[in-house]
Amino acid sequence: MVTHRAVSVIVIGVITATVFASGPFVPVDFTTYDSPCDGGALSSEGSATIKPSSVPESATFTRSEFGAEVWKLDVPDATVQATDVQGCVRLTYEISIDTLGLSSLSTATVSTQSSEKVQLSIPKTTLSPDRINEDHYNAEVRLIYHGLENGDTVERPVTSQNITVEVTE
């Protein structure tokens with residue numbers, strides 16, 4: 001009986017010590033992290049040559065199906081070629097529709113482990129039906145590079161172009 005109780009106390013003690021040692025109070029990390037980029041998606045401590053392969057020339061607002069009464073913004077993916085990659089750089093793909101006060105973006109991190117071809121997607125964005133009252137809207141699509149150039153952190157457009165967002169039923 002005493003042996004059983006002692007084993008239980010020891011097991012509980014080991015579990016508690018492990019939780020405290022790996023918790024926020026003591027800086028011991030029992031997990032592995034094999035990312036080449038410290039900072040993950042926000043990393044921009046590297047350099048690369050980025051060339052756009054495909055950037056959309058149009059997008060659409062489509063009325064949602066199944067009675068949801070919202071408009072969905074669908075923007076085709078953009079593709080870039082990343083060469084001469086050193087460290088990690090961040091790419092931002094953004095669409096802005098000023099007349100609606102709408103901006104939607106996504107971010108991708110490019111590292112030495114990334115493929116040369118990088119595809120970026122704008123997340124699905126919805127608007128209430130009362131906000132759409134035109135047949136089309138003017139928008140701007142931008143690809144932005146975040147990285148190092150000559151030892152300085154830079155944020156510069158890779159490409160920026162005006163597109164039309166068509167409204168379809």
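Analyst: We'll take the sheets, then the side-chain pairs, then the surface.

User: What should I know before we start?
Analyst: This is a predicted model, where local features need pLDDT of at least 70, side-chain atom pairs count only at pLDDT 80 or more, and totals for chains, interfaces and linings use all residues. Residues are numbered from 1 along each chain as its sequence is written, and side-chain values use heavy atoms, with hydrogens and water left out.

User: OK, sheets. What is the strand order in the open sheet of seven strands?
Analyst: The order is β6-β5-β9-β10-β2-β3-β8, and the pairing is mixed. Strands here are DSSP runs of E with at least two residues, helices are runs of H or I with at least four, and both are numbered from the N terminus. Two strands pair if DSSP finds at least two bridges between them.

User: Which strands stand at the edges, and why is one side of each left without a neighbour?
Analyst: Those are β6 (102-111) and β8 (125-127).

User: How do strands of a sheet pair, in general?
Analyst: Through backbone hydrogen bonds, either parallel or antiparallel.

User: Which sense do β5 and β6 use?
Analyst: Antiparallel, over 10 bridges, with β5 covering residues 88-97. T92 stands opposite T107 in β6.

User: How many bridges join β9 and β10?
Analyst: 14, and the two strands run antiparallel. E140 has N162 in β10 as its bridge partner. The hairpin of β9 and β10 has two residues between the strands, and N150 there takes a positive phi near 55°.

User: What about β2 and β10, parallel or antiparallel?
Analyst: Parallel, over five bridges, with β10 spanning residues 152-168. A59 has V165 in β10 as its bridge partner.

User: Now the three-stranded sheet. What's its order?
Analyst: β1-β4-β7, an open sheet with antiparallel pairing. The edge strands β1 (47-54) and β7 (117-120) each pair on one side only. Neighbouring strands are turned by 35° against each other on average, ignoring direction.

User: How many bridges join β1 to β4?
Analyst: Six, with β4 running over residues 78-86. P52 stands opposite V80 in β4.

User: Switching topic. How many aromatic pairs are there?
Analyst: One. Rings of Phe, Tyr and Trp (its six-membered ring) pair if their centres lie within 6.5 Å; planes under 30 degrees apart count as stacked, over 60 as edge-to-face and the rest as tilted.

User: Why is the pair of F61 and Y137 put in its class?
Analyst: The ring planes stand at 85°, so the pair is edge-to-face, and the centres are 6.1 Å apart. F61 is in strand β2 (residues 58-63) and Y137 in strand β9 (residues 136-149), 76 residues apart, which links distant parts of the chain.

User: Is F61 buried or exposed?
Analyst: Buried, at 0% relative accessibility. Y137 is buried too, with 5% relative accessible area. Buried means under 20% relative accessible area, exposed over 50%, and partly exposed in between (1.4 Å probe, protein chains only).

User: How many salt bridges does the structure hold?
Analyst: Four. A salt bridge is a side-chain nitrogen of Lys or Arg within 4 Å of a carboxyl oxygen of Asp or Glu.

User: Which residue does R142 meet in a salt bridge?
Analyst: E94, at 2.6 Å from N to O. R142 is in strand β9 and E94 in strand β5, 48 residues apart, so this pair also links distant parts of the chain.
Analyst: R63, at 3.8 Å from N to O. E69 is partly exposed at 47%, and R63 is partly exposed at 29%.

User: Last topic, the surface. Which residues form the nonpolar patch?
Analyst: V7, V11, I15 and V19, with about 350 Å² of accessible area together. I15 sits in helix α1 (residues 2-22). Patches are made of residues with over 30% relative accessible area and no salt bridge; like charges are joined within 9 Å, nonpolar side chains (Val, Leu, Ile, Met, Phe, Trp, Tyr) within 5 Å. Areas come from the Shrake-Rupley method with a 1.4 Å probe, and for residues only the protein chains shown count as cover.

Notes. Axes fitted to C-alpha atoms, helices over the stretch in contact; angles between N-to-C directions.
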